[in-house]
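Me: Please take a close look at one part of this model for me. I want the place where the two chains meet, and what lies around it.

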Amino acid sequence: MESILDAIFPIGPQFFVGVIVAVIVIHLVLATVGILVYFERKISAYIQDRIGPNRVGFDLGLPLLQKLFRGFGFWGLGQSLADGLKFILKEDYRPPQTDKILFSLAPMLSVIPALIGWAVIPWGGVIAIDPIVIGGREFVSGGDAVVGAAAVDIGFIFLLAVAALSVYGMTLGGWASNNKYSFLGGLRASAGMISYEIPMGLCILVVVLTAGTVGPNAIVEAQVAGSGVWFIVAHPLAALLFYACTLAEGNRAPFDNAECEQELVGGWHTEYSSMRFALFFLAEYAHLITGSAFFVLLFLGGYHLPFVPGLQPEDTGLLAALLKFTVFFGKVIFMIVLAMFIRWTIPRLRYDQMMKLCWNAMIPLSIALLVAVATVKFLRIDSVVVFILVNLVLTGAGMVLFPKLPVANVNKRIPLAGSRFSPIPGHAVQTAPSGSIARSESPVPEHSSGIISAH
Amino acid sequence: MTSTLGLELINYGPVLLLLLMAVTFALANVVASLVIGPSRPGSVKGTSYESGMVPIGTARKRFNVRFYIIAMTFLVFDVEVIFLYPWAVTYSNINPDSAYHSVFWGRILFFMLTTVVAYVYGYRKGVFRFD
C-alpha cells in the first residue's frame, strides 16, 4: 500500500491544476450553452423588435415554488432549463430506413470534439502551486502550472486536429439519415468546414510566426511582452480571416449553408429529434465558445488587459488566476455576442459564394500574408507598424484584384436548348461543346463540325 | 519523487479525463432520452421528411463529383499547413545572422511556389468554380 502511494504521489502541479480546470470548465461550458441559447433568443428578439422569452422561471410547475416566487418570471431565464428537460422527455425517434448504428453515433461524434476542443486554452495564465502536504505525505508537489486542462506545447495543432474531427459527426449524420435534404446538408457542411480549415490554419501560422511559438500560454505572453500589442492590432487581416473561419467552422451565420431552412429544411439534422438533436445543437454552441476562446487567445491578448495590475504574466497568485479567468471568459462572451449580432444582421451567403470566398479569396490572401510576414522577418524590419502596413496593403490589393480574377472556363458545356435532348424544330442539333479544342483543331470546316442536322 | 512518466506526456492526462467526461455525457443523454421518452412508431411517421412529399427512392445516390474534388484539394493544402508549423517555430527562433536564416526563408518561398503552381493549375481547371 505504502509503495503504491509512493509510486503515485506526489503528482505534478500541472496535472493537479489540469484535472481541476478540466472538471470545472466542462461544466461551465455546458452551463454557458444554456445561457447562450437564452441570449441568442433575447438578442434576436431585440433586433427584430420583439420581446423574446420572458415567462419561464424556475418554479418547475410545483405549487410550493410557485407560491415562493409569487409568479416572478426571472426574465425568462428558466427557458433553457425547460428546453433541456423537454429534450429528454420527448420521443427519440429513429426512422426505420436510417442506418441504425451511425444514426446514433453521429451526434456523439459531433459533440465529443466540441467538448474537448478548448482543453489547451490557458484560461488563467500561470499559477504558482504550493506543495500540498496532508499527514506528512506530500500529495502535490509545488511549482508553476498553467491554468488550463492540458499545458501542451503543440496547442494549436491539437485545435486543428480536434476541429477536423467534428466533420465526421455531420457527414455521418447526413448520410445515416437516408434523407436527401440531410445528405445534401451533410455534404455541404463537410465541404464548407474542411475548406475553411485551411485559411484558419494559415492565419494561426501568421501568429505563430510573429510570436515564435505554438504554445498557447507563450502566445499570450508574446502579446504582452516584446512589442506589447495584441495581435489584432498587428495583424488585423489575419484576425478578420480567422474570425470568419471560426464562424464557418461553427456553422454560424452567415456561413450556415448546411442547415439553411429555406433550401434544406434542417440540413443534416432534419431527421433527428429529442436528445440526439440536442447534442447537435449543443455541439454547435460549444464550437462557438471554443472558436471565440481561440480568437481571444490568438488576437485579443488572452487574459491580459493593458495597464491593469494583477492581469500581467508575472502575477501568479490564486486571486490573479481567478481574475484572469474572469477576464478571459468575459472576452469570450463578448466575441460570442458579436457572432450573434452578425447572425441576426447579415444575410446568409449562397453556397457557391461561400466556397468561392474561401478558395478564391481567403486562401490566396492568407498564403500571401504568410509569405509577406516571413519576408518581413527575413529583412529584419519586423515591427508592429510594418505588420499593420503589410496587412493593410494586402487587404487593399485583395479588394482590387479579386473582382478582376478571370473566370476559369475550361469545362465547356452544351446548352440544353438546341441539343439532342431538347431539339428546337428547324435548328441544327449541337452535340459537341462550343469552342472546344476538338472542334478548333478539327480539319473539317468550322460550320459543319460537331453539328448534325436535326431529323 | 516527482512522476516522470514520459516527460510532458503526463500533461495529456486531463485530456483523457475530459474525453471520458464528454463520452459519458453524450452516451448518458442519448440513453436517458431513449429510456425516459415515449416510443410510438408509425408507418407515416417513419418516412423521411422531404417537405411533405412522398420520398422518391433513397438518398443513397450518386452526388456531385465536386465534393470529391474539394476533399482532394483540401488534403493537399491541409498537409502543407501542418508541414509549415515546425518551419514557423524554427524560422522565428533562428539566429538572423546565421546562414540558415536565408536558407529557411528560401525554403518557404519554394514550398509556397509549389502551392501556388498547384493552386493556379486547379484554378485554370475550374476546380474552384462552384456555380
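Reply: This is a predicted model. Start with chain B. Its domain assignment gives domain 1 (1-37) and domain 2 (63-131). The centres of domain 1 of chain B and domain 2 of chain B are 35 Å apart, taken over C-alpha atoms.

Now the contact. Chain A puts in 72 residues and chain B 66 residues. On chain B, the side that touches chain A draws at least two residues from each of α1 (13-36), α2 (66-93) and α3 (99-124). Helix α1(B) gives the most to that side, with 18 residues. By class, the side of chain B that touches chain A holds 40 nonpolar, 17 polar and nine charged residues.

Next, the core. The largest nonpolar core has 147 residues. L205(A), V206(A), V208(A), F242(A) and L298(A) have the most contacts inside this core. Helix α7 of chain A, residues 180-211, gives the most to the core: 20 residues. Take L205(A) as the worked case. Leaving out residues up to four places away in sequence, L205(A) touches L370(A) in chain A. In chain B, L205(A) touches V81(B), L84(B), Y85(B) and A88(B). In general, nonpolar side chains tend to be buried together in soluble globular proteins.

Last, another helix of chain A. Helix α6 of chain A covers residues 155-176, 22 residues in total. From first C-alpha to last, α6(A) reaches 33 Å, close to the 32 Å expected at 1.5 Å a residue. Helix α6(A) is mostly covered, with 16 of its 22 residues buried. After α6(A) comes N178(A), with a positive phi near 55 degrees.

Note on methods:
Residues are numbered from 1 along each chain as its sequence is written. Chains are lettered from A and ligands numbered from 1 in the order in which they are written. This is a predicted model: local features need pLDDT of at least 70, side-chain atom pairs count only at pLDDT 80 or more; totals for chains, interfaces and linings use all residues. A nonpolar core is a set of buried Ala, Val, Leu, Ile, Met, Phe, Trp, Tyr and Cys residues joined through C-beta atoms within 7 Å. A residue is buried if 20 or more other C-beta atoms lie within 10 Å of its own, exposed if 12 or fewer, and partly exposed in between; C-beta atoms are placed from the backbone. Helices (H or I, at least four residues) and strands (E, at least two) are DSSP runs, numbered from the N terminus. Two residues are in contact if their C-beta atoms, placed from the backbone, lie within 7 Å. Domain bounds come from an automatic or database domain assignment. The expected span of a helix is 1.5 Å times one less than its number of residues. Ala, Val, Leu, Ile, Met, Phe, Trp, Tyr, Cys and Pro count as nonpolar, Asp, Glu, Lys and Arg as charged, and the others, Gly among them, as polar.
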